[in-house]
Amino acid sequence: MNKTHCALESAINKLKTPTITMEIINSKDKWEQVLVEVGSFDFYHTYDYHIISKKEREQPVLLVYREDDALVALPLLIRPIFDTEYFDATSVYGYPGPISKGVGPDSDLGGFNKNLALVLKEKKIISAFSRLNPYIPFQDAVLQSLGRVDTIGKVVNIDLGLTLEEQRAHYGKSTKNRTNKCRRVSEVVAATTEEQIHTFIDIYYENMDRLSANKDYYFSREYFFEFLNCTGFNTDILLVMNQETNEAMAGSMFVKTNDIVQFHLSGTRTDYLHLAPANVFLDEMRIRATDEGYRIFNLGGGLGGREDSLFNFKSSFSKDHRDFKVWKYVVDETVYHQLSEGQDVSENDGFFPLYRKPR
């Protein structure tokens, strides 16, 4: 083989060698630049939401992998494990998971798998967990070779690409009737003043009290105002007002990002449950969101992904159901089992990571 041929082959091999980088981002500017570059993301992926969601001693990070024109970004919250030298990674409340650009269902993601595993091991992260987003493409393809992806339930979507009439045709008969009945005695207003926002918070707290909700759902009043001040997404609060008493019967936060609307936090006053005002704020938002050009209206699912009464209520608005999946990855099997020692749980318990299950 002559020198010219060898030089040509060497040059071709260099062209074939991918350029790979793995970066840990924790600054707002860089984080938001990646989101803009990817284009397809939800508010659960934003820096702002991670900052207001993080608990004490939790650190939000965006792990960004690049290989030539492909990009994968995985947002996580890193937290210490008890009084040990180790850490684990979890996701914010909601539907985050990885976002990507230049990635398809048949993409070779061996480089991402290898580099993510290395970074997690270097940071002494023992396990990683993330809820996935049913409306972000290729999340399974990105994560399927690391740990496991489990389907734990369904979520309900109202397809805003349909006409308003077509959307409403998918309502259950009882939902149509109850919505019409409540519409006749109510009006919907957007909460824009401080007083109206406090009214919504009062309704939300009353709802949590009635449900004996976990303390994690009792967000502070400051949290709601911080949420509304976030610049990475838009938030609407709708109040359903009783026309006779002029009292707010129910209210809900809806979060808008790109072409997705998320049904986030809501509540109904106990005295007005019989009027089903929650039907009205959902009906109103799907009308407004359709007019504004959004494509997806995610109502979410039941508690913990279960098909319970909450799921049944939501599914009475639409039969467009999507799989709700979670990602579980044990990075260091040895340490994971040491930390989980003594936990009395079955293989089908589903709690992850095991060492954080209350004893």
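The structure is a predicted model, in which local features need pLDDT of at least 70 and side-chain atom pairs count only at pLDDT 80 or more, while totals for chains, interfaces and linings use all residues. Residues are numbered from 1 along each chain as its sequence is written, and side-chain values use heavy atoms, with hydrogens and water left out.

We begin with the second largest pocket, which holds about 160 Å³ of space. On a 1 Å grid over the protein atoms alone, a pocket is an open set of points where a 1.4 Å probe fits, with protein on both sides within 12 Å along at least five of seven lines, and its lining residues have an atom within 4 Å of a point. The lining is made up of L132, N133, P134, I136, P137, F138, Q139, D140, A141, D323 and K325. Two elements give two or more residues to this lining, namely α5 (139–143) and β13 (320–330), and α5 gives the most, with 3 residues. Helices (H or I, at least four residues) and strands (E, at least two) are DSSP runs, numbered from the N terminus.

Next comes E284, a residue of helix α10 (residues 277–291). E284 counts as buried because its relative accessibility is 13%, where buried means under 20% relative accessible area with a 1.4 Å probe and protein chains only. Its side chain makes a polar contact of 2.8 Å with the side chain of R183; such a contact is a pair of N or O atoms within 3.5 Å, of which, within protein, one must be able to donate a hydrogen and the other to accept it, and residues adjacent in sequence count only if both atoms are side-chain atoms.

Lastly, a search of the whole structure finds 33 aromatic pairs. Rings of Phe, Tyr and Trp (its six-membered ring) pair if their centres lie within 6.5 Å, and planes under 30 degrees apart count as stacked, over 60 as edge-to-face and the rest as tilted. The rings of Y171 and F317 form an edge-to-face pair, because their centres are 5.1 Å apart and their planes stand at 75°. Since Y171 lies in the loop between α6 (164–169) and α7 (173–183), and F317 in the loop between α11 (309–315) and β13, the pair ties together parts that are 146 residues apart in sequence. Y171 is buried, with a relative accessible area of 4%, and F317 is buried at 0%. W327 and Y329 form a stacked pair, with 5.9 Å from centre to centre and 25° between the planes.

Notes. Points joined across faces, edges and corners; volume = space filled by probe spheres on them. Buried < 20%, exposed > 50% of the residue type's maximum accessible area, 1.4 Å probe, protein only.
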